[in-house]
Amino acid sequence: MSTEYKSGIISLAEAYKDYFKIGAAVTVNDLQGEHGELLKKHFNSITAENAMKFGEIHPEEARYDFEKPDKMKEFALSNNMKMRGHTFVWHNQTSDWIFADKNGKEAPRELVLERLRQHVKVVCDRYKDVIYAWDVVNEAIEDKSGEQYRDTKWRRILGEDYIKTAFEVVKEIDNKSELIYNDYNNELPDKLEKSYDMLKGLLEKGTPIDGVGLQGHWNIRDKNLMENLRRAIESYGSLGLKLQVTELDVSMFEFEDRRTDLNEPTSEMLYLQEQTYENIFSIFREYKELVTSVTFWGISDKYTWKDNFPVFGRKDWPMLFDINGKPKGSFEKVVNYK
Ligand code: HAH
């Protein structure tokens, strides 16, 4: 192991330049200070964690808020990075106005569709110089067994074909970016089957979809992760789709684990996290022909959405850099591959 690698001096994005882009989800504050330095050194792609979600960028019909996304675009362009666009059609963090008519009643299909078209046009045109992929639809599959689709306002108003429609709307305006269907747990057998069927159907109907986003909100104790991941990549790949890992983090806690007594990760946790990161990146490398980018949902353990999910206010340590921005053992495992 070279001393460069040991001290974490090597750049993550550089170590993966022959494989795929390495991304991070960011807030505007991350563009400065320690996180700003980590971004410039280790990443060549960024995603707005929240700033480009419908409710943030377009809070009222006649008002867009471009301030934060513009700063991210500037940062990306001046540091030779690209951006992933997140996200257009989602059931969360979406403005209510889009679904209502002027009397506050549910808006008709044509109106909602026209608003979506307008929104996509404005946002795509403004960010086209920097965006390489769009999460066109996020989390449309239902988690409950027996039901395939999540019941959302988008689906209720635009109709059963709304996913196809959404991809067509974006394709018409941006025919250069990779258009992605993004979801969580879509490597688990049940959800994989539903997603595979959905995507196969969409492709058969000629939907312009290029790839699947595996969010990658994983944890250190998932015994079946490697097997599930491999099967998922191969299944989606067999449909001719590319893959992106869009929101990677490896939590110290299983989803059901709601303990709140820790002030720092145990050495066992750190060890298991290193193993997990080592293993998943070895799979990503193995499938580099299919995987076009790997994005972490954050930068360091100093701040992560996992501090508030699924337990509000419980510290988690899911990233490659610690609370002081120093590379963890997991970082070494990811960059120091043979
Ligand atoms: C993701 N959902 C979203 O895509 C992202 O936009 C957000 O910032 C964080 C995570 C994950 C998720 C959820 O929102 C609810 C239940 C399970 C998983």
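This is a predicted model: local features need pLDDT of at least 70, side-chain atom pairs count only at pLDDT 80 or more; totals for chains, interfaces and linings use all residues.
Me: What distance separates a polar side-chain atom of glutamate 247 from an oxygen atom of the ligand?
Reply: Glu247 belongs to the surroundings of the ligand, as does Lys53. For lysine 53, a polar side-chain atom and a ligand oxygen are 2.9 Å apart. For glutamate 247 the corresponding distance is 2.7 Å.

Me: What percentage of the area that the ligand exposes when taken alone does the protein bury?
Reply: Taken alone, the ligand exposes 420 Å². The share of this area buried by the protein is 82%.

Me: How many residues in the shell around the ligand are charged?
Reply: The shell includes Lys53, Glu139 and Glu247. By class, 5 of its residues are nonpolar and 4 are polar. The number of charged residues is 3.

Me: What is the volume of the largest pocket?
Reply: The ligand takes up the space of the largest pocket. The volume of this pocket is about 860 Å³.

Me: Which of the residues that line the largest pocket are the closest to its centre?
Reply: The lining has 35 residues, with 12 nonpolar, 12 polar and 11 charged. The closest to the centre are Tyr184, His217, Phe255, Trp305 and Phe309.

Note on methods. Residues are numbered from 1 along each chain as its sequence is written. Side-chain values use heavy atoms; hydrogens and water are left out. A residue is near a molecule or strand if one of its heavy atoms lies within 4 Å of it. A polar contact is a pair of N or O atoms within 3.5 Å; within protein, one must be able to donate a hydrogen and the other to accept it, and residues adjacent in sequence count only if both atoms are side-chain atoms. Accessible areas come from the Shrake-Rupley method with a 1.4 Å probe; for residues, only the protein chains shown count as cover. On a 1 Å grid over the protein atoms alone, a cavity is a set of points where a 1.4 Å probe fits but cannot get out, and a pocket is an open set with protein on both sides within 12 Å along at least five of seven lines; lining residues have an atom within 4 Å of a point. A molecule sits in a cavity or pocket if more than half of its atoms lie within 2 Å of its grid points. Ala, Val, Leu, Ile, Met, Phe, Trp, Tyr, Cys and Pro count as nonpolar, Asp, Glu, Lys and Arg as charged, and the others, Gly among them, as polar. Grid points are joined across faces, edges and corners, and a volume is the space filled by probe spheres set on the points.
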